[in-house]
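Hi,

Here is the structure I promised to pass on. My notes on the helix packing and the sheet follow below it.

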Amino acid sequence: MENIQADLALHITALLLSLTCLVFTLIQKRTDRYQNVAYMVLLVIVIINSCTEAILDLVGRDIQVDDTAFLVARICSYLYFIIHTVLAPGFFYYELCVTGLIRKVKDKRFLLYMAFFIFMEILAISQPFTSWVFYYDEARVFHRGWAEVVIYVISALYIAVSVISLIRTWRAITSRKKLSIAYFLTIVIAGILIQMFIPSLKAELFAESLAMLGLMLTVESEDDSINPDTGIYNRKALMMDLNNYRGLGIPVTAVFVKVTDLDMMLKRTGSTNTDGFTEIMSLFLRTLVPRNYIYSTSPGQFVILVNEKHKDGDRKFMEKLLSRLEIKMPAEEVVNRVINRFDAEWLVGRSEILLDATVAIARMPEELSDASDILYIADSSVPRSLSGRLLKGEDLSFALRRMEVEKALIRGLREDEFEVYYQPTFYTEDFKLYGAEALLRLKDSVIGNVPPDEFIPVAEQMGLIDEISEFVLRDVCKFLASGVPQKFGMESINVNLSVLQCLKKDFAEKIKELVKSYKLSEDLVNFEITESVEPDDYEILSKVMGDLKKAGFHFSMDDYGTGYSNMQSSFSLDFDIVKIDKSILWAAEKNEFGRIVLENSINMIRKMDRKIVVEGVETKEQIEMLKKLKVEYLQGYYFSKPVPKDELIEILKN
């Protein structure tokens with residue numbers, strides 16, 4: 001009696017575990033990948049088997065005396081073997097899906113795998129007529145037949161092939177999937193062996209349900225691969241799938257969609273959240289391809305992976321088998337549909353907006369070698385000359401250039417290939433030296449000179465901007481600590497700051513400690529910040545600037561006239577100096593309108609009690625014009641281009 005209750009408890013526990021996994025999978029809507037369907041089939045097998053075994057536990061003690069109980073026991077045993085026979089082949093199919101091998105299996109090999117499964121099912125289905133799998137003797141005692149041994153041997157072969165497949169794809173799948181599949185196999189084999197050698201301990205189904213729970217929590221769980229707000233697969237999922245394709249040698253076509261005026265859309269709708277548009281875009285893309293082929297790498301940027309159908313005559317059966325979950329149109333058709341959709345307006349919130357997008361297409365491994373190349377294209381800013389076009393082939397060289405710049409940045413830090421140049425600044429009235437601006441240069445040993453406006457944005461995205469900026473500040477501090485700049489009358493040196501740096505915790509303290517370590521007066525350092533600061537960042541930036549100004553540092557607004565920030569908010573920051581961009585100066589020479597803009601800008605800045613530096617000074621005529629407008633400082637090629645420290649010292653001596 002106690003054994004029956006223990007067996008019943010194990011089987012009910014197995015039933016509840018498997019049922020919970022199935023319900024959770026359906027609630028999470030994880031049903032659109034091959035592996036999801038295979039996983040649910042495995043769960044249903046364990047659920048049905050747990051039910052039949054639980055019923056056998058309940059009627060088992062009465063089968064010798066009750067004909068109805070005996071009939072129920074025979075039916076349950078029969079159903080158990082019919083269903084349980086599917087488990088090993090089902091798991092083998094599941095593993096093919098998880099590892100991606102399902103996309104490579106030829107028809108003949110798959111039919112060979114199926115032949116063994118069909119043979120086992122014939123043995124199980126024919127049980128009422130043959131009693132080959134099991135039989136009851138005259139005392140109604142259960143006995144195993146020779147066919148059950150055959151079924152277990154074939155099932156063991158399926159498990160062995162699963163192990164071989166796992167080893168084959170060891171580098172193509174993630175560590176978590178490897179460990180999870182190995183866990184499943186270990187637990188299931190342990191349960192089978194325990195029940196084989198100790199028949200009274202019914203551990204097999206419990207072990208299988210426990211393994212299914214493990215798979216659900218690891219392989220089937222997509223919490224770290226999906227944006228929880230939009231339900232779209234993220235960069236991590238894209239990397240995993242691309243590495244799987246590459247590891248298995250499966251060609252794939254990537255379609256890139258970059259919405260180029262997302263900021264305009266946000267301003268039109270009065271929103272700061274891009275998730276709404278991401279969902280709208282995703283709904284459209286799902287009309288072209290299944291959800292599991294769509295990835296959002298960043299706001300307004302999407303990648304679609306098109307694993308086009310093989311033109312392989314040996315996969316006709318497999319293509320039909322997988323057709324429900326496969327992409328049904330070629331990549332070129334996907335591209336055309338996307339381009340045509342952007343010819344019409346999008347309904348975002350209550351606004352209908354016409355948006356621009358750049359669409360690109362590239363194939364791996366023909367055009368791109370690995371997953372990192374695809375991410376370079378997804379992350380790279382599209383040059384204006386290419387914006388709004390369909391990009392393919394040589395058009396994608398901009399992304400390869402970004403990849404080279406990233407490598408150059410890493411080499412530059414590792415091999416000390418960065419150098420700080422200095423461009424002097426002078427008083428307008430007497431051309432007396434005022435200061436200098438520190439400008440970083442990168443001369444890479446592989447790709448040569450890389451301009452700052454190219455490598456700075458990449459450094460910010462790579463998270464290297466702090467290290468690079470600290471390099472510049474340290475070089476400036478060493479130069480100032482030498483006393484040479486002060487000897488020639490230099491009042492301060494300007495150092496460019498990224499707004500991203502200023503927003504980081506403890507930034508001001510780190511700056512103060514660094515400058516103190518060189519025993520310098522803080523007023524020798526002037527930090528330049530660009531005008532194009534995001535409105536949401538003003539409050540934090542204002543606190544940082546206030547903290548550093550109290551310590552004695554000065555601040556300049558850089559590139560005035562090129563940004564798109566709110567002018568009132570920009571001037572609410574406590575800048576000492578405003579640097580007018582060279583484009584305003586050059587426009588003032590061309591026409592009257594440009595001159596009016598320059599004059600009004602200078603008058604407005606002066607009324608706000610800020611001093612003025614004008615950049616881009618190249619001619620005597622420009623100097624005379626700026627003298628009349630009473631600008632304090634000048635900077636430009638008329639005096640000197642940015643030069644290394646040693647050259648600057650020679651210029652100052654002469």
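H2 and H9 cross in a left-handed way (left-handed if the near helix is turned anticlockwise from the far one by less than a right angle, right-handed if clockwise). Bear in mind that this is a predicted model, where local features need pLDDT of at least 70, side-chain atom pairs count only at pLDDT 80 or more, and totals for chains, interfaces and linings use all residues. Residues are numbered from 1 along each chain as its sequence is written, and side-chain values use heavy atoms, with hydrogens and water left out.

Back to that pair: helix H2 (residues 34-59) packs on helix H9 (residues 204-218) at about 150°, with the axes 10 Å apart. That makes the two roughly antiparallel. Helices (H or I, at least four residues) and strands (E, at least two) are DSSP runs numbered from the N terminus. Axes are lines fitted to C-alpha atoms, for helices over the stretch in contact, and angles run from 0 to 180 degrees between N-to-C directions; under 35 degrees counts as roughly parallel, over 145 as roughly antiparallel, 65 to 115 as roughly perpendicular and the rest as oblique.

Helix H7 (residues 146-168) and helix H8 (residues 175-197) pack at about 160°, axes 11 Å apart, which makes H7 roughly antiparallel to H8. Their crossing is left-handed. On the H7 side you'll find Tyr152, Ile159, Val163 and Leu166, and they meet Lys178, Ile181, Ala182, Leu185, Ile189 and Ile192 in H8.

Now the sheet. It is open and mixed, with five strands in the order E4-E5-E3-E8-E9; strands pair if DSSP finds at least two bridges between them. Strand E4 (294-298) and strand E9 (390-391) are the edges, each with a single partner strand, so one side of each has no neighbour in the sheet. Even so, four of the five residues of E4 are buried, so E4 is largely enclosed by the rest of the structure (buried is under 20% relative accessible area, exposed over 50%, partly exposed in between, with a 1.4 Å probe and protein chains only).

E4 runs antiparallel to E5, joined by four bridges, with Tyr295 partnered by Val303 of E5. The two form a hairpin with two residues between them, and Gly300 in the turn has a positive phi of about 80°. Strand E3 (residues 252-259) and strand E8 (residues 357-364) are also antiparallel, over eight bridges; there Val257 has Val359 of E8 as its bridge partner.

Cheers

How values were computed. Contact means heavy atoms within 4.5 Å.
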